[in-house]
Amino acid sequence: MSGELPPLELLRSFEAAARRLSFTLAAGELHLTQSAVSRQIQQLEASLGVLLFERRHRALALTEAGGVLQRAVTDSLERLRDAAARVRASSVPRQVAITTTPGFASIWLIPKLARFTGSHPQVDVRVSATLDVLDLESSRIDLAVRFAPIGRGIGPALFEESVIPLCSPQLAASLRQLSDFSKLTLLTVEYPDHSEAPTADWEPWLKVMGLEDLRMKSTLRFTQYADAVAAAVAGQGVVIGRLPLLSELVRDGRLVAPLGEGAASHRGYFIEMSRRAAGNRDAQDFAQWLRDEAEAAQRS
């Protein structure tokens, strides 16, 4: 039949022989014998009814028909290779792995995360929320949002932090002056590296206010900042509010600042990228999305 395609293995041998102009070199490339390649070319010529090569002494040359077929076969094989590569790429899971602190993850990141996944529905996001500083390369993590002192953070700053006492509106109503503050329960977080200073999260604000020796009625200590914040929302005491981490809770009126201005903590959140993220476009998009969300939050 005039429209019937030759067998693909014959065309593959022809492409190699036409490119190398040698049955022997084509055979080595295809892991066949020289005689096998020669027979396949003969079969192809017989099926087409034309000679594709001029057999010269110790040399091959393409005939005019061979040149036409070579261009068509080369183009077709390139298209097949490109299509196969695209199919393989589309079957590889698209993933972004991020590590950050539990407080940042639960309070700031997770409530906003649906906006990223909504605009990137094919990307799986894996969040490792831990106080441990994970090695990005060995943990196969694309990026980290680290909480660090200003000047020691790695990567671009997401935002700097200010701190201010926050409590529920009901509890704030009982505060008329600074001395009333000592009648409330202090909500604080115990960090592994601050075992000797259980109110380490309060220290920047206490120092600015000149209240280093402040004593509260009682203290509730938590291992996770998000739990201390939840206790403050429930009216159980006063938590040191990290802004802009808790900005939405303040805007919603669930927490209020009864004692005036905040203080710079001289700490902030920084985006650190791993080497593997350079080849992950989705990770780069995620980092840009984090920056966009931080800028939007500070404008509102």
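User: Leaving aside its neighbours within four places in sequence, with which residues is D142 in contact?
Analyst: In this predicted model, D142 is found in the loop between β4 (123-129) and β5 (143-149). Contact requires heavy atoms within 4.5 Å. With neighbours within four places in sequence left aside, the contacts of D142 are Q95, V96, A97, E272, M273, S274, R276, A277, N280 and A283.

User: Is D142 buried or exposed?
Analyst: A residue counts as buried under 20% relative accessible area. The relative accessibility of D142 is 2%, so D142 counts as buried.

User: What distance separates the C-alpha atoms of D142 and D252?
Analyst: Along the chain, D142 and D252 are 110 residues apart.

User: How are helices α2 and α3 oriented where their axes come within 8 Å?
Analyst: Helix α2 covers residues 23-30 and helix α3 covers residues 34-48; their axes cross at roughly 105°. Angles of 65 to 115 degrees count as roughly perpendicular. Therefore α2 stands to α3 as roughly perpendicular.

User: Which residues make the contact of α2 with α3, and how do they divide into nonpolar, polar and charged?
Analyst: From α2, the contact is made by F23, T24, A26 and A27. From α3, Q34, V37, S38 and I41 take part. These residues divide into five nonpolar, three polar and no charged.

User: Where is E45 placed, and is E45 buried or exposed?
Analyst: The place of E45 is in helix α3. Leaving aside neighbours within four places in sequence, E45 is in contact with V50, L51, L52, F53 and R55. Its relative accessibility is 7%, and the limit for a buried residue is under 20%. E45 therefore counts as buried.

User: How many aromatic pairs are there, and what is the geometry of the pair F23 and F53?
Analyst: Rings pair if their centres lie within 6.5 Å, and the count comes to eleven aromatic pairs. For F23 and F53, the ring centres are 5.6 Å apart and the planes stand at 85°. Planes over 60 degrees apart count as edge-to-face, so the pair F23 and F53 is edge-to-face.

User: Which parts of the chain does the pair F23 and F53 link?
Analyst: Both F23 and F53 are buried. The two residues are 30 residues apart and link distant parts of the chain. F23 belongs to helix α2, and F53 to strand β1 (residues 53-56).

User: Which residues does a cis peptide bond join?
Analyst: Most peptide bonds are trans. Here omega is about 10° at a cis bond, and P244 is placed in the loop between β9 (238-243) and α9 (247-251). The cis peptide bond joins L243 and P244.

User: What phi values do L21 and H266 have, and how do they count by relative accessibility?
Analyst: Most residues other than glycine have a negative phi. L21, in the loop between α1 (8-20) and α2, has a positive phi of about 50°, and H266, in strand β10 (residues 263-273), has a positive phi of about 60°. At 39% relative accessibility, L21 counts as partly exposed; at 58%, H266 counts as exposed.

Conventions:
Residues numbered from 1 in each chain as written. Predicted model: local features only at pLDDT ≥ 70, side-chain atom pairs only at ≥ 80, totals over all residues. Heavy atoms only, no water. Axes fitted to C-alpha atoms, helices over the stretch in contact; angles between N-to-C directions. Helix = DSSP H or I, 4+ residues; strand = E, 2+ residues; numbered from the N terminus. Parallel < 35°, antiparallel > 145°, perpendicular 65-115°, else oblique. Nonpolar A, V, L, I, M, F, W, Y, C, P; charged D, E, K, R; others polar. Phe/Tyr/Trp six-rings, centres within 6.5 Å; stacked < 30°, edge-to-face > 60°. Buried < 20%, exposed > 50% of the residue type's maximum accessible area, 1.4 Å probe, protein only.
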